[in-house]
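Keep the structure open while reading.

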Amino acid sequence: MARISLQCRECKKDYDSTFKYICDDCFGPLDVKYNFPPVTKDTFTNREKTYWRYFELLPIENKSNIVSIDAGMTPLTKAEKLGEQLGLKNLYIKNDSVNPTFSFKDRPAGVAISKAKEFGMSAVGCASTGNLASATAAHAAKGGFPCHIFAPSNIEMAKIAQALSYGANYIAVDGTYDDANRIAAQIGDSKGIGVVNINMRSYYVEGSKTLAYEVAEQLNWQVPDQLIVPVGSGAMLNAICKGFEELQSVSLLGDVSNMHMIAAQPHGCAPVVDAFKKNSTEVIPVENPDTVAKSLAIGDPGDGRYVLKRLQQYNGFAEESNNQEILDAILLLAKTEGIFTEPAGGVSVAVLQKMVEQGKIDANDKVVCYVTGNGLKATESIMEVLQKPTVMKADVGEISAVVN
């Protein structure tokens, strides 16, 4: 039996593991299905400190095809000061802002580009709100691939500069992320480009499930009670659920059914939250996203309705936070735990705070809050609320007078 295959998420039709991402029969998305080898907790002991330590649980057949920039095994910080302020005794921050390109996107991009190498593809690319652009471009550079990035023209300059520095062909689209995504899909298919989050998506999303693997291992193979996950396309939340389920299936974790998944979105682009609060199964796209959290500004989330299913499955909630709440949360996390996040992480922390205030998280719950990107990638937004430094003469006496 093959180690991996593909299965339609909707009609469950099976396919061989090939360059394919949509079901022929019902046009549903294809997920990677595994015939896992026997693994134990000791399997991963003393391995490299990257997400590739979980090779047996990932969709690459041959280790020689791995394209790695040493991402993963990021800190799971016991947030004692922030927890004390929020009234939580067991709060943890999963800090993916310290990955090589400074966001969680190094996980899915690395798996997708490794699979592109395994398939013998000649070029790769992505549609992006910024972070995936950098992650894809960096892995493409390491793997020796030409790389084509399709992104809205108004994303943060730091993210554009980063992707360009890795040598990517950067196409700045005058429109929304959904416009960029549509164009990338058409060009990828017509030119045979492995667009990591479109025609490579079945393998791409497998990288994000390592956010579940690492948290479980870092908690000494215990299941968290509450998980707060920022939602753009929704693929990460769905993948994290899949990751915990797989750990249960190979007997590395106990029952995961009592986890609570919390989807966090920014006001101005919160279609999943809107659907959840209306008790609807239909996610209505936001045509013109308007939020400081640009990395989550995906008006038509590809996995939106699957997020709603996961929230129902895992007794979850969906909540939004406005721009001011996001910026306040960025500063709160920075001043309590020394972690500087971009607005997407601010969304997670702001929603965490709301969940506590609404009584949906207990003081003793084991809580994991995912922080997915680095604040240095989006300084424009936070500078608006910071006090500007006063320029003073280089005079000891004058400066001493203002230092308390």
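Strand S10 (residues 226-230) pairs with strand S11 (residues 260-266) in this predicted model. The two run parallel, with 5 bridges between them. Gln-226 has His-260 as its bridge partner in S11. Between the two strands, the chain passes through helix H8 (residues 235-249). This β-α-β crossover is right-handed.

S10 has another partner, strand S13 (residues 366-371). Here too the sense is parallel, and 3 bridges make the link. Gln-226 takes part again: its bridge partner in S13 is Val-367.

How many of the 5 residues of S10 are buried? The count is 5 of 5, so the strand is largely enclosed by the rest of the structure. Follow the side chains to see both faces covered. Gln-226, Ile-228 and Pro-230 are buried on one side. Leu-227 and Val-229 are buried on the other.

Now turn to the rings. A pair of aromatic rings is described by the distance of the centres and the angle of the planes. The model holds 7 aromatic pairs. One of them joins Tyr-34 and Phe-36, with centres 4.7 Å apart and planes at 10 degrees. That pair is stacked, because planes under 30 degrees apart count as such. Tyr-34 has a relative accessible area of 12%, so it counts as buried. Elsewhere, Phe-44, Tyr-54, Tyr-213 and Trp-221 form one aromatic cluster.

Two lysines lie over rings. The charged end of Lys-63 sits over Phe-55, 5.2 Å from the ring centre. Lys-115 lies over the face of Phe-119, and here the distance to the ring centre is 5.3 Å.

Conventions:
Residues numbered from 1 in each chain as written. Predicted model: local features only at pLDDT ≥ 70, side-chain atom pairs only at ≥ 80, totals over all residues. Heavy atoms only, no water. Phe/Tyr/Trp six-rings, centres within 6.5 Å; stacked < 30°, edge-to-face > 60°. Buried < 20%, exposed > 50% of the residue type's maximum accessible area, 1.4 Å probe, protein only. Lys NZ or Arg CZ within 6 Å of the ring centre and 35° of its normal. Helix = DSSP H or I, 4+ residues; strand = E, 2+ residues; numbered from the N terminus. Pairing = 2+ DSSP bridges. Right-handed = clockwise from strand over helix to strand, strands pointing away.
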